[in-house]
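Here is a short report for someone meeting this structure for the first time. Please keep the sequence and the model side by side while reading.

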Amino acid sequence: MKRFFLPVVLCLLLAGCDLSRSEIKPENLTTEYKEDAFTDVTSPRFSWINLSGKNGALQGSYQIRLFKDPKHPEQAYWDSGIIESDESVLVPYTGDALEPCTDYFWQVQVRDANGEPSAWSKPCHFHTGLLGRQDLWQAQWIGAPWQGEKSYDYDTSEVVFPAPLLRKEFEINKPIKSVRFYGTGLGYFELYVNGSKAGDEYLVPNETNYGYREKLEERLLPIPDPFNGYSVAYVSYDLTDMVRKGRNAAGAILGNGYYDLVFRRFVMGYGVPKLFGQILIRYEDGTSEVIATDNTWKVEKSAIVFDQLYFGEVYDARLEHDGWSEPGYDDSSWAGAVQKMAPEGELFAQTGLPDRITGKWAPTSIEKVDSTGAFIVTFPEYISGWVELKNLNLAEGQKVTVFNLTEDYNAAEKAVSSMTYIAKGTGNESWHPRFEYYAFQQVEVYGLDELRPDQIEAQAVNSDIKQATSFECSNELLNYMDKIWRRTQLDNMHGNIPTDTPHRERIGYTGDGQAVGPTVMTTMNAGAFYYKWLRDLREAQKEDGYVCNSAPWQPEAGGGVAFGSAMNVIPYEFWWEYGDERALEECYDAMAAHTRWMLNWVDERGIMESRTGRYFMDLGEWNAPWEIPSKALVHTWFLWNCARITAEVANLLGNTADAEYFSELRDKTAAAFHTYFWDEEAQSYGKWGSNMWALAMGCPTKEREQAALSALVANLAECGNHLHVGFVGWRYLCETLIKFGRADLAWEIINKRDQPSIGWWIEQGAVTFWEQWDGVFSRNIPFMGGGIRWFYRDLAGLEPTSPGYRTFEIRPTVVDGLDWVKFHKDSPYGRIDIDWKVASDGVFTLKCTVPVGTTAAVYIPDGDSIREETLASGKYTLRGSVLHNE
């Protein structure tokens, strides 16, 4: 008998090869914006990016299959079949109901315009939570018996209890299929199993509006419960590889976080630390078991003897409980856990980004201060996070204290946190905080005789967001602005909240958010981040439609009309950036309610008045270098903008009646604005950005438009062609000047190096963005980044012309003094590259990449005219009047 092995061998070799003849290949799969999602969404959405080496490639159809066993994708739980569509972004699952607490995998095969199929993509994993099934929860909220129910905010005592440790042992006596934890701890928690920490996240879970708080009405801005929503994020950890047959132990450490706060301006606590969760064990024989938090768990005080976000953390290593989260530990002296009141918040699978250690730096210098014995340690970046002390040989009880030296600004506002480590005396001791972060470039270390560079390390801790863009140009000042703004923004992203500062208030100001959010979404991979913050915005709304000055609400967050407008601006900008229509559907009622609420302040002229009231400190513009425009003018502009946005969204969603109503409101408000604020004699709307607001709205005639532009230019000239607006107007100033043909003036403003300007900050040594143009107050605050989006939209020239960059234009703004720009953006459909330069002979050259599934309209200088090209997917070079396909 003859045996032929060649066909078998050949098949085995070909199994790992892509033999498709398709012009496109799907990669970079995500579920609900994440590569490895944990979700409670019953109809999750799938996205992929098509890659191709051929210009003009198109996706003609796709097929998705969903399965549970990654080894057998052909055993599909759901198969979409071949769908004739070129869509590849946020494609919804339409199969049978997903099962809770289940691993799923999906992959996609696409066909090009010729019908040629690609190979199946690599699988993308996601895991479902409990999918809203409250009956599946067996856990109870538990905590320490030595604490009651009320936050320190309500207690006149200055005693802060040590962070609680909780533990439980359990048996596994038969083969397991999977082991998974579902749960949360408030304010923060860390889970341990058999002596090891689960996950690499910190400051878990994401911050939310957890529940009701007593005495909100007694704070500076008395806005009491109820709000339109409350929520608590829960997480899941795969523990399969952490458990073993026989005896096992699970443990948790609870931190106070934002949930339990000592009284302080700006913020207010909710309750005491508590744990809620369950471990689901699935066995190979098809049975399952749940280990849930209840009063059989044991609790003890930990070595973290003090943790408060605004004051610091103290760790006494002498009080450690060695082996506390391992089986066999003697917990006979520990107290029994007690049941705690559940917060009012709805449990939901954490959709936002977790905080992680995102960067590490060695010191650039260590100097000892002879008079105090302290060491001043300087690092290369101004970050938020902590320092880790490493491999210290200390005597038992020796105390090492680290102070963050934040910045040299107004002493009354100075924020200093202290971190203290008390040694165990065992040698080679290392430590960093668990439940506190702080801002620093320098720290002051007390309690050591010597400190080597290898014994201290700066660690950035922030929401783990990735950059989606890179920007570089021939102007080094702009390059540095771009760099330090990105650092500032990362420093102010914690708990999936865009905070104002990382050292002082640390809260999610809605005014800051609406100003800088569009820049963040343009530059960073912020889909998951802002999708979660949209929930916070909705939950910061009152029944009458008012939206608070921070989300989640904190009771001394000052603000004004521009702040609440985040409820309209952020979902709208999110839609344009990511093409997410579901986000608009979820936010529409809140957007409409907020716009209607604004009418409470509108007078008989149609002008939104300036009115100080219980809800806010009535800020119109803020942080202007000279004077501010009329508050009523700014308020009326935002009423017009919110009406404009709401009308457009209502029309998109098919709400005809609302579309007509808000369109009429938009037009009436614009007419009132142009009637009331226009000064015919002065031919101006006023100074300090007033004409900019009118131009951004759109003037009723070309003559009025030219007059407003002339008045704006004249007012800028009075200010030495420096910016003359605050953070609210700064977002629009340069973009407006460019739109109306004064790119030269925008360029002059941004290149200033004297006061007031970002350049002046840099001349003073700034390594982050500052709060005030004169350098007073915070020196790590990102909201002025709202005014640099034009680097990417105008100088690089990239702007979407349909949501999600399905179509976009490349229209570089060329100004004297700027010779070249290199920019890339990872759009929902793939990478967009823009690389333009002006040669010494004046010839303009553009190289660009257009992703599969998109179309670009390109506008470039060609002599004295503008040349227009429409480009399908691919790589191109345009030089003068010549177009090259690459």
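## A strand residue and its partners

E472 lies in strand β32, residues 469-473. Helices (H or I, at least four residues) and strands (E, at least two) are DSSP runs, numbered from the N terminus. This is a predicted model, in which local features need pLDDT of at least 70 and side-chain atom pairs count only at pLDDT 80 or more, while totals for chains, interfaces and linings use all residues. Residues are numbered from 1 along each chain as its sequence is written, and side-chain values use heavy atoms, with hydrogens and water left out.

E472 counts as partly exposed because its relative accessibility is 40%. The classes are buried (under 20% relative accessible area), exposed (over 50%) and partly exposed (in between), with a 1.4 Å probe and protein chains only. Not counting residues up to four places away in sequence, E472 touches N479, W820, V821 and K822. Contact means heavy atoms within 4.5 Å. E472 and A856 are 384 residues apart in sequence. Their C-alpha atoms are 21 Å apart in space.

## A buried aspartate, and another

D512 sits in helix α3, which covers residues 510-523. D512 is buried yet has no salt bridge. A salt bridge is a side-chain nitrogen of Lys or Arg within 4 Å of a carboxyl oxygen of Asp or Glu. How far away is the nearest side chain of opposite charge? That side chain is R504, at 7.8 Å. For charge, Lys and Arg count as positive and Asp and Glu as negative; His and the chain ends are not counted. Leaving aside neighbours within four places in sequence, D512 is in contact with D500, G517, F563, F727, I781 and F783.

D618 is found in the loop between α7 (581-598) and α8. D618 counts as buried, at 2% relative accessibility. D618 and R605 are 13 residues apart along the chain, and 20 Å separates their C-alpha atoms.

## Backbone details

Two peptide bonds are cis in the table below.

| Cis bond | Omega | Place |

N194 is not a glycine, yet has a positive phi of about 50 degrees. N194 lies in the loop between β12 and β13. Is N194 buried or exposed? N194 is buried, with a relative accessible area of 11%.

K215 also has a positive phi, near 65 degrees, in a residue other than glycine. K215 lies in the loop between β13 and β14. K215 is partly exposed, with a relative accessible area of 39%.

## The second largest pocket

The second largest pocket holds about 770 Å³ of space. The closest to its centre, of the 23 residues that line it, are E735, K739, R789, R793 and E799. On a 1 Å grid over the protein atoms alone, a pocket is an open set of points where a 1.4 Å probe fits, with protein on both sides within 12 Å along at least five of seven lines; lining residues have an atom within 4 Å of a point. Grid points are joined across faces, edges and corners, and a volume is the space filled by probe spheres set on the points.

Which helix gives the most to the lining? That is α12, with 6 residues. Elements that each supply at least two residues include α6 (566-578), α8 (631-652) and β35 (798-800).
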